Amino acid sequence: MSPRRNRPRGTAPLRAARDEPGGRYGLEHTEEWRGEEWVVRQIAGTAAAKHYRCPGCDQEIPPGVPHVVAWERYGPVDDRRHWHRACWRARDRRTARVRRSRSAPRY
């Protein structure tokens, strides 16, 4: 008698989800922000393969971390920006402020 398998056999459902439109990279939707339409796409951690810099917190998004890609609806696609999900949700509460190191003077 062979031992019982505790993991599912095959990867057909994963392949099917990846081949669907928006299956691997997520579905796009449009949001209104600052009077303009933005295309927003959720990126799964398995699809994130490069390092990106989040414009909301100015921190790095390492590979394998789920995040959001957003760009203006009628702007060039080259203007895509990769955001942390929390930073994208808090984009209205964030202000443009000067980033300083901890040891920098406060004046």
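This is a predicted model: local features need pLDDT of at least 70, side-chain atom pairs count only at pLDDT 80 or more; totals for chains, interfaces and linings use all residues.

The conversation below sets computed values against the definitions behind them.

Visitor: How many helices and strands does the protein have, and what makes a stretch count as one?

Guide: The protein has two helices and six strands. Both are DSSP runs numbered from the N terminus: a helix is H or I over at least four residues, a strand is E over at least two. From the N terminus on, the elements follow the order α-β-β-β-β-β-β-α.

Visitor: Which strands form the open sheet, and what makes two strands a pair?

Guide: Four strands take part, in the order β1-β2-β5-β6, with antiparallel pairing. β1 (28-33) and β6 (81-83) each have a single partner strand, so they stand at the edges and one side of each is left without a neighbour in the sheet. From one strand to the next, the twist averages 35 degrees; such angles run from 0 to 180 degrees between N-to-C directions, along axes fitted to C-alpha atoms. Two strands pair if DSSP finds at least two bridges between them. Six bridges join β1 to β2 (residues 36-43), so this pair meets the requirement of at least two. Among the residues involved, W33 has E36 as its bridge partner in β2, and E31 stands opposite W38 in β2.

Visitor: Why is R34 called exposed, whereas D58 is called partly exposed?

Guide: The terms rest on relative accessible area: buried is under 20%, exposed is over 50%, and partly exposed lies in between (1.4 Å probe, protein chains only). R34 has 68% relative accessibility and therefore counts as exposed. D58, at 38%, falls in between and therefore counts as partly exposed. Of the 107 residues of the protein, 21% count as buried.

Visitor: How do you know that H67 and H84 are buried?

Guide: H67, in strand β5 (residues 67-72), has a relative accessibility of 1% and so counts as buried. H84, in the loop between β6 and α2 (85-89), has 18% and so also counts as buried.

Visitor: Which residues are in contact with H84?

Guide: Contact means heavy atoms within 4.5 Å. Leaving aside neighbours within four places in sequence, H84 is in contact with C54, C57, Q59, E60, I61 and H67. With the corresponding neighbours of H67 not counted, the residues that H67 touches include R41, Y52, H82 and W83.

Visitor: What makes the link between H67 and H82 a polar contact?

Guide: A polar contact is a pair of N or O atoms within 3.5 Å; within protein, one must be able to donate a hydrogen and the other to accept it, and residues adjacent in sequence count only if both atoms are side-chain atoms. The side chains of H67 and H82 make such a contact at 3.0 Å, so the distance falls within the limit.

Visitor: Why is the pair of E28 and R41 called a salt bridge?

Guide: A salt bridge is a side-chain nitrogen of Lys or Arg within 4 Å of a carboxyl oxygen of Asp or Glu. The closest N and O atoms of E28 and R41 are 2.1 Å apart, so the pair meets that limit. E28 lies in strand β1 and R41 in strand β2, so the pair ties together parts that are 13 residues apart in sequence.

Visitor: How many salt bridges does a search of the whole structure find?

Guide: The search finds two. One of the salt bridges joins R91 and E31, with the closest N and O atoms 2.9 Å apart. R91 lies in the segment after α2 and E31 in strand β1, so the pair links distant parts of the chain, 60 residues apart. R91, at 11%, is buried, whereas E31, at 22%, counts as partly exposed.

Conventions
Residues are numbered from 1 along each chain as its sequence is written. Side-chain values use heavy atoms; hydrogens and water are left out.
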